[in-house]
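Trainee: I would like to go through this model contact by contact. Can we start with how the helices pack?

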Amino acid sequence: MAGSDALYGLGLDTTKIETMYYYMVLSRALDERMWILNRQGKSAFVISCQGQEGAQVGVASALDPTVDWVAPYYRDLGVVLYFGMTPREIMLGQMAKAEDPSSGGRQMPAHYGHKKRHVLTGSSPVATQVAHAAGMALAFKIRSEAAVVMTSLGEGSTNQGEFHEALNFAAVHRLPLIVVVENNGFAISVPQSKEMVVADVAAKASGYGMPGIVVRGSDPLGVHQATSEARNRALKGEGPTLIEIKTYRYTPHSSDDDDRSYKTREQLQAEKDDDAIVLFRQWMLDQKMWDDEREKALNQRVRNEVDDATDYAEAAPYPDPATLWEHVYHS
Ligand SMILES: Cc1ncc(C[n+]2csc(CCOP(=O)(O)OP(=O)(O)O)c2C)c(N)n1
């Protein structure tokens, strides 16, 4: 298929496919390194993308980072890397160093923000980013800018008021907004069956009169296609779309959690058997656009980037304590 338009009629060429694979592998490798640094006492907190890379890269690869913006959530390492945040920048945030572009080491890790890379800064209360994204989409509409905003959240967070308010507002005003729910089945230790009665979060879209699409995170090309269609709708002035991606969380909720008390190892193994990275690689091999040599070269490149980012961030200075009171409210 290399170079053909056969892939879902999307016209994805080999370079784009390889780029998608690279970002999935890079996201996983950076994330794995973060856990090592955490266990070494060098990074206080990790909240992982592992298992969700196919969802994230599938979405980001259908956007245009030169005009579109993202209001991501804490697991979206694959999204922010695809939008141009570098491994060094990620590790600077992970180790709370002064040069961290997200917050100068002030926020928790994974609270991504990068104006130049079109990553809207976020905060810890879940789902607030959906309202921020709707506001940004309104600005695009008022200014007649041909761009969309993508915001994402977990399925548990769709029970927050901001999610419903933002979807309703975006639908009423036909805003260029794509709301992506990365449904990994748990909100910390709470399974989806105790979060909501519906099987598909996408069903919530009908209450606001917008399309609600379900796609599998282990199928990054399907995710790409759904996002492309949502983007086209948004650019045509047809309003927002809700995309639910069924995905997995391979790690505990965070480095402060132990998932063995609520997820069986059999379930985890079944989820790992549906790993987007493994399946995508196999698909590339089947298409004869990939081979062991390229795989080796890619892994070496990623390893070098992760090592470089780790070394750079470890050597970087912490914020000057004298700046402690900057950017905070006080009376
Ligand atoms: C308003 C608010 N309530 C509670 C929390 C604590 N909290 C952080 S993440 C999280 C779980 C969110 O689960 P989900 O939306 O399914 O996303 P996931 O972490 O599974 O990707 C909770 C309850 C918070 N950050 N904000």
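Trainee: Which residues in α1 meet which residues in α9?

Mentor: This is a predicted model. The contact counts pairs whose C-beta atoms lie within 7 Å. On the α9 side the residues are Ala-276, Ile-277, Phe-280, Arg-281 and Met-284. Their partners in α1 are Ile-17, Tyr-21, Met-24, Val-25 and Arg-28.

Trainee: Is α1 roughly parallel or roughly antiparallel to α9?

Mentor: The axes of α1 (residues 14-39) and α9 (residues 276-286) come within 10 Å and cross at roughly 150 degrees. Angles over 145 degrees count as roughly antiparallel. The crossing itself is left-handed. The orientation of α1 to α9 is therefore roughly antiparallel.

Trainee: Which residues in α4 meet α10?

Mentor: The α10 side of this contact is made of Glu-305, Val-306, Asp-308, Ala-309, Thr-310, Tyr-312 and Ala-313. Across the contact, 8 residues are nonpolar, 2 polar and 3 charged. Those in α4 are Pro-87, Arg-88, Ile-90, Met-91, Leu-92 and Gln-94.

Trainee: Is Glu-314 buried, exposed or partly exposed?

Mentor: Glu-314 lies in helix α10, and its C-alpha atom is separated by 8.4 Å from that of Met-91, 223 residues apart along the chain. Around Glu-314 there are 14 other C-beta atoms within 10 Å. A buried residue needs 20 or more and an exposed one 12 or fewer, so Glu-314 is partly exposed.

Trainee: Leaving aside neighbours within four places in sequence, which residues is Glu-314 in contact with?

Mentor: Glu-314 is placed in α10. Once those sequence neighbours are left aside, its contacts are Lys-42 and Met-95.

Trainee: Which residues are the closest to the ligand?

Mentor: The ligand is surrounded by 16 residues, and β2 (149-154) and β4 (186-187) each give two or more to this shell. The shell divides into 6 nonpolar, 7 polar and 3 charged residues. The closest are Pro-125, Gly-154, Gly-156, Ser-157 and Ala-187.

How values were computed:
Residues numbered from 1 in each chain as written. Predicted model: local features only at pLDDT ≥ 70, side-chain atom pairs only at ≥ 80, totals over all residues. Contact = placed C-beta atoms within 7 Å. Helix = DSSP H or I, 4+ residues; strand = E, 2+ residues; numbered from the N terminus. Nonpolar A, V, L, I, M, F, W, Y, C, P; charged D, E, K, R; others polar. Near = placed C-beta within 6 Å. Axes fitted to C-alpha atoms, helices over the stretch in contact; angles between N-to-C directions. Parallel < 35°, antiparallel > 145°, perpendicular 65-115°, else oblique. Left-handed = near helix turned anticlockwise from the far one by under 90°.
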